[in-house]
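User: I have a model open and want to learn how to read its features. Can you take me through a few, general idea before the particular case?

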Amino acid sequence: MVMVVQGNTQTFNSLVYGAQKHPGTLAFLENQVQQFSGALTEFGQAFFNSAKHLYDSFNSSEAIRIARAATRKFDSLFMSDKIQTIWDLGRLQHAPLTMQRWIMAQEDVRTLYHQQRCDGYSQTYCDVEPGRRGVEQYDWRRIHHGVVQDTEDGGWVVHHYLDEIHEGDRELEFEEKADVLNTHDVIRAYVEMGQDDPTSKWNERL
């Protein structure tokens, strides 16, 4: 199995030497940098500025973001290509192909996808119903077919969608629907946070 990570020298350095640094450590170093720089000669100031540039490049959010993405990809290498509950961001970002289809049926992330505000597994996912979401979309109906749903007035309802099953598809088992719906709850939470894109293997921002 091969894992390929694309980036530059700063990305490599952040990956090798660690993508996570304590905020207090960074603040301390910044404070020491400011105090030290005032006591330098012109030549020393030029050298110092060059070193500070390298430090800033190494600790850039871009390099750290890509390093985190690489770490998450490694953590997700051994996920089975089947329907399953996915609980964490890294595994969502590197979801197996079988799950990508069902993840992209979640209404919130699908809305962002149609607005081009998330990646939506751009290299592997194919949207065969562009512009459709929720009950209008075939995959959403397959997930919610025969599933008890709460209503706003505190009751419950069950919908049965009488779609003709597409060639090559099958009815989802109850446990599989539960896995997908649990994953939808997780992805909804990440969308509401509005930070890391749960559908980007590069850990891009929403």
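Analyst: Start with a definition: contact means heavy atoms within 4.5 Å. Keep in mind that this is a predicted model. With that cut-off, the buried residues of helix H7 (107-114) pack against helix H6 (97-103) and helix H9 (174-193).

User: Which residues of H7 are buried?

Analyst: The general idea comes before the list. An α-helix has 3.6 residues a turn, so residues three or four places apart point the same way. In H7, the buried residues are Val 109, Arg 110 and Leu 112. They sit on the same side of H7, because they cover an arc of only 160 degrees around the axis.

User: What is the backbone like just after H7, at Gln 116?

Analyst: Gln 116 takes a positive phi there, of about 60 degrees.

User: Arg 110 is on that buried list. What is its relative accessibility, and which residue does Arg 110 form a salt bridge with?

Analyst: The general idea: side chains of opposite charge can pair when their charged atoms come close. Here, Arg 110 forms a salt bridge with Asp 127, and the closest N and O atoms are 2.6 Å apart. Arg 110 lies in H7 and Asp 127 in the loop between H7 and helix H8 (138-144), so the pair ties together parts that are 17 residues apart in sequence. Arg 110 counts as buried because its relative accessibility is 0%. Asp 127 is buried as well, with a relative accessible area of 16%.

User: How many salt bridges does a search of the whole structure find?

Analyst: Twelve. Take two more cases. Arg 132 and Glu 129 meet through their side chains at 3.5 Å, N to O. Arg 132 is partly exposed at 44% relative accessible area, while Glu 129 is buried at 14%. Next, Arg 170 pairs with Glu 176, the closest N and O atoms being 2.7 Å apart. Arg 170 is partly exposed, at 46%. Glu 176 is buried, at 15%.

User: Which residues do salt bridges with shared partners join into one network?

Analyst: Arg 141, Arg 142, Asp 163 and Glu 171.

User: Now a loop. Where is Ser 80, and how far is Ser 80 from Pro 96 in space?

Analyst: Read sequence separation and spatial distance side by side. Ser 80 is in the loop between helix H4 (61-75) and helix H5 (89-93). Ser 80 and Pro 96 are 16 residues apart in sequence, and 7.1 Å apart in space, C-alpha to C-alpha. Ser 80 is partly exposed, with a relative accessible area of 38%.

Key. Residues numbered from 1 in each chain as written. Predicted model: local features only at pLDDT ≥ 70, side-chain atom pairs only at ≥ 80, totals over all residues. Heavy atoms only, no water. Buried < 20%, exposed > 50% of the residue type's maximum accessible area, 1.4 Å probe, protein only. Helix = DSSP H or I, 4+ residues; strand = E, 2+ residues; numbered from the N terminus. Arc of directions from axis to C-beta. Salt bridge = Lys/Arg side-chain N within 4 Å of Asp/Glu carboxyl O.
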